[in-house]
Amino acid sequence: MTALCLTLILVGQAWAQGTSVTTVSNDSETKKFSAEWRMSMKGQSQEDEQTQAKYVDLRLELKSKYVLTNSLYIDFQPGFRVVSGQSQTIDGADSMKNAILLNQAGLMYKPANFFQLAAGALDQRYNHTSLLIDSMAFPSARMQSLFRMGSMVSGFVVESAIPTSTSLSTNTQEKEPTPSLNSASVRMNFIPSKNGFWKNKIGYFAYSNLPSAVAQQSMLLGNEVNTISDAHYEFVNKYAGVEAGTEISVPVSTLLDLTLEAEYVKNTQAADNVNTAYSVKGGTRIHVSSALDFSVMAKYFSVAPEAAVAYFNARGYETNRIGYEVGSFFSFLKQGFDLGASYKESEVMFSNTVQSREKFIMIKLETFYANI
């Protein structure tokens, strides 16, 4: 699918250049390069029977866009992470280390307002729920068609990706086939105003050929895994099924907005008592003044052991977990930053030797995106 998308992009671009006389003149008037950046600082404490971590995480994230023609552009979003503190943990899904991250790096071809092809390292949260996958980029090809009718936007997204780690390594050993994640989703969004909207998506996903190294890490995070040898592991279940998400924001008055968000994942390849995950989040945003917003939220989640591949959702949930999260944030609109704190606690659904009750305390300061 990646080859097909790239071929269509190049063929379509060659056709556009050969048939449009105005492309060159319009292109010269378009701003070729634009970029914006933000910084965040997070202090976090994590504790359970196997893990004890206290550290400060400083990040710089960039969003940049380079326009090649009217319908073709490059989307490049790198990140830089510096960590200081101490950590003792048995798993390395999100180990404490300095890193250069890649949120997205793709070639985007948009010949019409309702149609887009993309290829490269693409952010997986665009097409998947947080229960299934953390915010990370997978090498992939994506096709989407979204139609707008007044305040309604609807359509579909199809994607084929290669599941990797945050370093873009597939973790495959010698002779292991390349893993894949194929998915399709339908979107229906209603956006009548800036603060009022209703966004919905429902889709299908299917992993295949997940490597031994991913199985080994997932065993430490809640999945059921068979140990073939000291260096070879395999998942007991396959991972394919359905996922859905909805998000609602309702302006109650000029001073208050109410929000509700829910997500659902079901792995149809596993038994019914261990294959489902869901989360429900409610909150409110108070417009204290033209320069200050105050937000509070509460979330409840339940992620069964075989609902998702634990290695890919470990930073947000892991599997075999049930718990809650509460938090509050101040948004300083004129100064351009958010400041807040959150607390998360989760219990193990089914007892095992590698998981236990855990607690997270986090304080975070994050700037808004600013133009470079």
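The legends below describe close-up views of a predicted model. Residues are numbered from 1 along each chain as its sequence is written, and side-chain values use heavy atoms, with hydrogens and water left out. Because the model is predicted, local features need pLDDT of at least 70 and side-chain atom pairs count only at pLDDT 80 or more, while totals for chains, interfaces and linings use all residues.

**View 1. A nonpolar patch on the surface includes Trp37 of strand β1.** Trp37, Met39, Met41, Val56, Leu58, Val82, Phe330, Leu339, Ile363, Leu365 and Ile372 form this patch, and together they have about 940 Å² of accessible area (Shrake-Rupley method with a 1.4 Å probe, where for residues only the protein chains shown count as cover). The strands β1 (33-47), β2 (52-67) and β18 (358-367) each supply at least two residues, and the largest share, three residues, comes from β1; strands here are DSSP runs of E with at least two residues, and helices are runs of H or I with at least four, numbered from the N terminus. Trp37 has 31% relative accessibility and therefore counts as partly exposed, a class that lies between buried, under 20%, and exposed, over 50% (1.4 Å probe, protein chains only).

**View 2. Strand β18 pairs with both β1 and β17.** Eight bridges join β1 to β18 in an antiparallel arrangement, and in this pairing Gln46 has Phe360 of β18 as its bridge partner. Strand β17 (residues 337-348) is also antiparallel to β18, over ten bridges, with Ser342 standing opposite Met362. Two strands are said to pair if DSSP finds at least two bridges between them.

**View 3. Phe235 belongs to the largest nonpolar core.** Of the 26 residues in this core, Tyr207, Phe235, Val309 and Phe312 touch the most other members; a nonpolar core is a set of buried Ala, Val, Leu, Ile, Met, Phe, Trp, Tyr and Cys residues joined through side-chain atoms within 4.5 Å. The contacts of Phe235 (heavy atoms within 4.5 Å), not counting residues up to four places away in sequence, include Leu210, Val214 and Val309.

**View 4. Glu318 and Asn320 lie in the loop between α4 and β16.** Glu318 has a positive phi of about 65° although it is not a glycine, and at 8% relative accessibility Glu318 counts as buried.

Technical notes. Patches are made of residues with over 30% relative accessible area and no salt bridge: like charges are joined within 9 Å, nonpolar side chains (Val, Leu, Ile, Met, Phe, Trp, Tyr) within 5 Å. A salt bridge is a side-chain nitrogen of Lys or Arg within 4 Å of a carboxyl oxygen of Asp or Glu.
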